[in-house]
Amino acid sequence: MYLLELGGEDDAFAAREAESAATGVDRIAPGLAVADAIVPAHVRGLAYTHRASELVGRGDADLASARAILEAAAIDREGTVAVRATDVHGTSGVSTEHAERELGQVLVDRGFAVDLDDPDHCLRAVFAAGPLEKSNDDGVLESLEDNGDAPTGKEVSVCALGWLEAESVRDFGTRAPTDKPFFQPGSMDPLLARAVANIAGARPGATILDPMCGTGGVLVEAGLVGADAIGTDAQAKMADGARTNLRHFLERDEPSPTGCDRGTWHVGRGDATRLPLVDNAVDGVVFDAPYGRQSKIDTHRLEDLVAGALAEARRVAPRAVVVADRSWASEARTAGWEIESAFERRVHRSLTRYVMVLEEAGRCQ
Ligand SMILES: C[S@@+](CC[C@H](N)C(=O)[O-])C[C@H]1O[C@@H](n2cnc3c(N)ncnc32)[C@H](O)[C@@H]1O
């Protein structure tokens with residue numbers, strides 16, 4: 001079993017993204033999940049999971065529990081060690097300095113040499129406490145459905161120890177929308193773009209389509225985790241700009257920082273409601289629907305554009321992820337999709353971002 005350290009402010013969404021790199025993902029505390037198995041190469045490309053570690057054991061969020069777990073654990077490892085402790089969002093009040101020292105001493109007593117700079121094995125000791133929010137059947141957080149106030153989940157107190165197995169590459173800051181060669185207001189930030197690309201199935205050998213690609217943010221992230229990326233946009237300016245960004249980030253000789261070859265890419269001017277693709281041409285579709293005023297909507301009313309794009313997405317792919325300023329759930333069902341999960345990310349008082357994960361009918365469990 002593995003311990004996942006989640007990032008960002010929405011654990012349910014982080015856990016859903018983690019499912020693209022792990023099986024049996026289950027949230028156990030704020031900022032923490034466990035998984036039955038992981039694919040380390042995919043963990044490196046996650047946006048909202050920082051680390052995956054082979055679980056040693058878990059208990060209450062205090063140092064005595066952590067010590068007891070480590071003293072009792074079978075350790076089938078050789079070489080030098082270091083302990084790194086985290087108090088997730090400062091929720092447990094455990095001193096990470098004390099934890100590192102005490103747990104390090106347990107390992108020394110068991111015959112290990114400590115190397116803080118370049119250890120052969122890193123033991124993660126993670127402490128978290130607070131309400132554990134769970135989703136309802138539609139994947140929407142219950143605390144958000146109530147009234148959007150403070151989270152209402154069951155109180156938990158967890159300490160988990162694990163040997164670090166894989167870390168995600170934290171280079172998203174180098175791709176801030178305003179630092180890209182082509183920038184337009186309304187561009188998606190690279191963390192969200194990576195997460196939705198991963199949920200749509202981006203990985204080496206897969207093809208991901210963004211039929212309203214704008215500046216190409218989703219396509220760049222899909223390409224960096226090795227997927228082949230296809231984009232269309234109704235505006236020639238956007239299609240040209242997306243090409244500029246894709247050339248900049250994907251046409252490099254060295255492997256991507258996540259360790260895989262960058263994917264191929266193709267972008268053309270086109271209408272998302274009439275895609276120039278054969279049925280089932282791609283593995284997943286992602287689109288960020290125009291927010292009415294923000295983005296130019298070529299010839300369509302917004303409702304017709306989204307309904308048409310959902311129907312075309314269903315024709316060319318078995319899975320889609322839609323980001324928007326409203327739910328579009330009934331339009332998705334009309335287009336033949338099942339809602340596998342849905343997330344509401346409050347950006348500020350007057351803007352909530354909706355993320356819907358759509359599966360072809362019959363594939364949701
Ligand atoms: C919210 S923006 C996408 C932003 C993009 N995710 C990014 O990171 O830059 C929506 C895009 O949809 C495009 N669009 C509007 N109507 C379209 C249509 N009928 N077909 C294809 N693209 C369309 C707009 O030109 C705009 O670039």
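In this predicted model, the largest nonpolar core has 42 residues, and L4, F13, V25 and V196 touch the most other members. Such a core is a set of buried Ala, Val, Leu, Ile, Met, Phe, Trp, Tyr and Cys residues joined through side-chain atoms within 4.5 Å. Buried means under 20% relative accessible area with a 1.4 Å probe, protein chains only. At least two core residues come from each of β1 (2-6), α1 (11-18), β4 (32-35), α6 (190-200), α7 (217-224), β14 (319-324) and β16 (351-360). Helices (H or I, at least four residues) and strands (E, at least two) are DSSP runs, numbered from the N terminus. α6 gives the largest share, 7 residues. Domain 1 (2-167) and domain 2 (172-360) each contribute at least three residues; the domain bounds come from an automatic or database assignment. In soluble globular proteins, nonpolar side chains tend to be buried together.

V25 is in contact (heavy atoms within 4.5 Å) with L4, A15, A18, E19, A33, V34 and A35, leaving aside neighbours within four places in sequence. Another core, of 29 residues, lies apart from the largest one and includes A309, A317, A332 and A342.

Residues are numbered from 1 along each chain as its sequence is written, and side-chain values use heavy atoms, without hydrogens or water. Local features need pLDDT of at least 70 and side-chain atom pairs count only at pLDDT 80 or more, while totals for chains, interfaces and linings use all residues.

**Two sheets**

Strands pair if DSSP finds at least two bridges between them. Axes are lines fitted to C-alpha atoms, for helices over the stretch in contact; angles run from 0 to 180 degrees between N-to-C directions.

| Open sheet, mixed pairing | Strands |
|---|---|
| β3-β4-β1-β6-β9-β8-β7 | 7 strands |

Twist averages 35° from one strand to the next. β7 runs parallel to β8 (121-132), joined by 7 bridges. R84 has R124 of β8 as its bridge partner. α1 packs on this sheet, touching β1, β3 and β6, at about 140° to β3. Helix α4 (96-109) also packs on the sheet; it touches β7, β8 and β9 (154-167) and makes about 150° with β7.

S53 lies in strand β6 (49-59). S53 is buried, at 0% relative accessible area.

β14 and β16 pair in the antiparallel sense over 6 bridges. V321 has V357 of β16 as its bridge partner.

**Helix α6**

In α6, 10 of the 11 residues are buried. Among them are P190, R194 and N198. D189 caps the N-terminal end of α6, with a side-chain oxygen 2.9 Å from the backbone nitrogen of L191. G201 follows α6 and has a positive phi, near 110°.

Terms used: Buried < 20%, exposed > 50% of the residue type's maximum accessible area, 1.4 Å probe, protein only. Polar contact = N/O pair within 3.5 Å; in protein donor to acceptor, adjacent residues only side chain to side chain.
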